[in-house]
Every structure is written in C-alpha cells, then in structure tokens.
Amino acid sequence: MVKQNVIKTLGPSGTDAHAEAVRIGGENIELFPSFRAAIDNCETHGGKALVAAGYLDMRNGAVVDSWVDLHFSKLRSMTMVGVWESPTKPMCVAVHSEFSGGLADIRTAASHPATLQFVREHMPAGVDISTVRAKPEAARLVSERVVDACIGSVDVVESIDNLKILKKLEATMVWCLYEHR
C-alpha cells in the first residue's frame, strides 16, 4: 500500500522543514537525514517530498548536492505540485552560556550551508566554519563546545540549557512540494 498522504522531509525534529511540513497540514511526517534521501524515498515508496529551494549539501567546503541538482535529477520521475514562500522559524547566533565574548570574538562556527550568508553578515570575516546538515546539529556542536557559535533556530537553542542567544535573525524560505509522476 502506497502512503500518498505522508510528507517526507529533512530531519531531525526541530528543522525548518519539519516545522513547515507540520504547518502545511502534515499529519504523517517522515524525517530523513537529507532532502535527497526524502525525495528518493518518496520516489520509491510514494508520498510527497518537501524540499527547501535553499537546499545545499557541502563536504569539506565544496557543494556536493543542491536543490538544482535534486530537481533536475528527478524531472522524469517526480513532479512539483506546489511552490511557495513562508517565514522560517526565527533564527539566531548562539554561543555556549559560558562564552564571555560578543559577535566579534567568535572564532569558530557551525552552520547549515543555506544559512552561511548569516555567518558572513554577523560573524568576523576570519571565522572557521563547519557545515552541518541541519541547524539542530549546529546547536549541538556549540553545546558540546566543538565550536564557539552557530546559526540556529531560536526554539532549538532555547531548549538547550547551556546555550545563549547573541542576536536574533528573521528570514523566509521558498519551499517545493514534489510527488511521484
């Protein structure tokens, strides 16, 4: 039996993709480690795949996958059934609660590739950046003191006891909803 009403998207819980799937009425949501994994699963097992147009996957500073690559690779098997812009969850620059400096003192940071522009705008030019697959992972790296700061979602950052917010940010994202042809 094919589950057509399932929305498949990027996890873990706490991602903007998960929040957007809930917002558009997703009663059944399956979370995957990447947008590519979500759409591949939808292609094979049915359902709908929710993908951010800002999707970038990076390894060692190089783009290895993107929404453009994903979209063009699925032209024959998947069709876009919806596209819209909506606000992301509020974001922030977060640091460990014991970090005594300000934005100018950040030396290392974790960010999802889609939010690297916020790193460039709000952190020092020489910051050493680690890219992650989802903002909750960036917050975890700050909590564990692997990096000084991250671009994270406010709700996720506030749920972690040893993090504090230095600056809040707001943005929108374009979302694409796919289903099997």
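This is a predicted model: local features need pLDDT of at least 70, side-chain atom pairs count only at pLDDT 80 or more; totals for chains, interfaces and linings use all residues.
A pair of aromatic rings is described by the distance of the centres and the angle of the planes. Here the partners are Phe35 and Tyr55, sitting edge-to-face at 5.3 Å centre to centre with 75 degrees between the planes. (Rings of Phe, Tyr and Trp, the last by its six-membered ring, pair if their centres lie within 6.5 Å; planes under 30 degrees apart are stacked, over 60 edge-to-face, and the rest tilted.) Phe35 belongs to helix H2 (residues 35-45) and Tyr55 to the loop between strand S3 (48-52) and strand S4 (56-59), so the pair ties together parts that are 20 residues apart in sequence. Helices (H or I, at least four residues) and strands (E, at least two) are DSSP runs, numbered from the N terminus. Phe35 is buried, at 4% relative accessible area, and Tyr55 is buried with 4% relative accessibility. (Buried means under 20% relative accessible area, exposed over 50%, partly exposed in between, with a 1.4 Å probe and protein chains only.)

Tyr55 also leads us to Ser66, which touches Tyr55 and Leu56, leaving aside residues up to four places away in sequence; contact here means heavy atoms within 4.5 Å. Ser66 sits in strand S5 (residues 62-66) and, with 11% relative accessibility, is buried. A polar atom of the Ser66 side chain lies 3.2 Å from the backbone nitrogen of Asp69.

Now hop over to helix H1 (residues 16-23), where Asp16, Ala17, His18, Glu20 and Ala21 are buried. After H1 comes Gly25, with a positive phi near 100 degrees.

Last stop: Ala109, in strand S8 (residues 108-111). Is Ala109 buried or exposed? Buried, at 0% relative accessibility. Its contacts, again not counting residues up to four places away in sequence, are Met123, Val127, Asp128, Ile129, Ser130, Val147 and Ala149. Ala109 and Ile151 are 42 residues apart in sequence, yet 8.0 Å apart in space, C-alpha to C-alpha.

How values were computed
Residues are numbered from 1 along each chain as its sequence is written. Side-chain values use heavy atoms; hydrogens and water are left out. A polar contact is a pair of N or O atoms within 3.5 Å; within protein, one must be able to donate a hydrogen and the other to accept it, and residues adjacent in sequence count only if both atoms are side-chain atoms.
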